[in-house]
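This report describes the protein shown below.

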Amino acid sequence: MIIKKRKFIVILVLIALTICAIFVHSALSPEVSEKESEAVSGIVDQVLEVVVPNNQSLRDFVSKNIRKIAHFVEFGALGLEACIFFLLCYIEKIKAPVELENDESFVKNINYVDALKYVSYFITFGILVAFLDESFQILSKRGPSVLDMWIDILGYMTFAFTFLMVIFVIKLIRIAVRQSNIDTKEKNNDI
């Protein structure tokens, strides 16, 4: 039980820190934000120069869109954390083990009404944080942007969806391997 509480506390702290970082960046004045973007863009350009030295068009694109990429990545991290949190909440509700060991019972215990409820909480949370993020930019004398909200939500959903697909594939592979091992044991017992 203590391990479960620790997991919840750790993920909640990560979510809080990520939201703080997002809101702090939104509260920066336009001048400070521009300097920060230029500094990050310079670092990213140096990395890209080493990784893809002959691709100037990619480096130019990243340099020009560093703020949009930052929105995507910040909210992607938040989406991943929120996805893990709501997944842990759902697993706790259906009383399935949090560990990935009991794949078949997890699949059998899915209650689609409850799952849909947690998905709606997840989506609402992401939209709310994106809305608040853009609202803070009004206070910092930077205009809010509907495009930035869409980029925020896209990053949030993309990272979470990718995480869920990886977990789903891992579970399918584990079930297949377990079934293969059972089949092999049965063949060996028949011999």
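Asp45 lies in helix α2 of this predicted model. With a relative accessible area of 24%, Asp45 is partly exposed, since that value falls between the 20% limit for buried residues and the 50% limit for exposed ones. The C-alpha atom of Asp45 is 8.4 Å from that of Asp60, a residue 15 positions away in sequence.

**Overall architecture**

The protein contains 7 helices and 0 strands. Its order along the sequence is accordingly written α-α-α-α-α-α-α. Of the 191 residues in the protein, 30% are buried.

Helix α2 covers residues 30-51, which is 22 residues. The distance from its first C-alpha to its last is 31 Å, close to the 32 Å expected at 1.5 Å a residue.

The buried residues of α2 are Ser33, Ser37, Ser41 and Leu48. Viewed down the helix axis, the buried residues of α2 fall within an arc of 70°, and therefore they line one face of the helix. The face turned away from this buried side carries the exposed residues Glu31, Lys35, Ile43, Gln46 and Val50.

How do α2 and α3 run relative to each other? The axes of α2 and helix α3 (residues 56-64) come within 10 Å and cross at roughly 165°. Angles over 145 degrees count as roughly antiparallel, and α2 and α3 are therefore roughly antiparallel to each other. The crossing in which α2 passes α3 is right-handed.

**Helix α6**

Helix α6 spans residues 112-139.

The buried residues in α6 are Asp114, Ala115, Tyr118, Phe122, Gly126, Val129, Ala130, Asp133, Glu134 and Gln137. This list includes the aromatic residues Tyr118 and Phe122, both of which return below as members of ring pairs.

Phe136 lies in helix α6 and is partly exposed, with a relative accessible area of 29%. The C-alpha atoms of Phe136 and Val24 are separated by 9.0 Å, although the two residues are 112 residues apart along the chain. Ile138 is also found in helix α6, and Ile138 is exposed, at 51% relative accessible area. Between Ile138 and Ala27, which are 111 residues apart in sequence, the C-alpha to C-alpha distance is 8.6 Å. Just after α6, Lys141 adopts a positive phi of about 65°.

**Aromatic pairs**

The structure holds 9 aromatic pairs. In one of them, the ring centres of Tyr118 and Tyr121 are 5.7 Å apart and the ring planes stand at 80°, so the pair is edge-to-face. Both residues belong to helix α6, where a spacing of 3 residues separates Tyr118 and Tyr121 by about one helical turn. Tyr118 counts as buried at 15% relative accessibility, whereas Tyr121 counts as partly exposed at 40%.

What is the arrangement of the rings of Phe122 and Tyr156? Their centres are 4.5 Å apart and their planes at 20°, so this pair is stacked. Phe122 lies in helix α6 and Tyr156 in helix α7 (residues 146-190), so the pair ties together parts that are 34 residues apart in sequence. Phe122 is buried at 10% relative accessibility, and Tyr156 is buried with a relative accessible area of 1%.

| Residue | Relative accessibility | Class |
|---|---|---|
| Tyr118 | 15% | buried |
| Tyr121 | 40% | partly exposed |
| Phe122 | 10% | buried |
| Tyr156 | 1% | buried |

Ring pairs join Phe8, Phe85, Phe86, Tyr118, Tyr121, Phe122, Phe125 and Tyr156 into a cluster. The cluster thus includes the edge-to-face pair of Tyr118 and Tyr121 as well as the stacked pair of Phe122 and Tyr156.

Notes:
Residues numbered from 1 in each chain as written. Predicted model: local features only at pLDDT ≥ 70, side-chain atom pairs only at ≥ 80, totals over all residues. Heavy atoms only, no water. Phe/Tyr/Trp six-rings, centres within 6.5 Å; stacked < 30°, edge-to-face > 60°. Helix = DSSP H or I, 4+ residues; strand = E, 2+ residues; numbered from the N terminus. Buried < 20%, exposed > 50% of the residue type's maximum accessible area, 1.4 Å probe, protein only. Expected span 1.5 Å × (residues − 1). Arc of directions from axis to C-beta. Axes fitted to C-alpha atoms, helices over the stretch in contact; angles between N-to-C directions. Parallel < 35°, antiparallel > 145°, perpendicular 65-115°, else oblique. Left-handed = near helix turned anticlockwise from the far one by under 90°.
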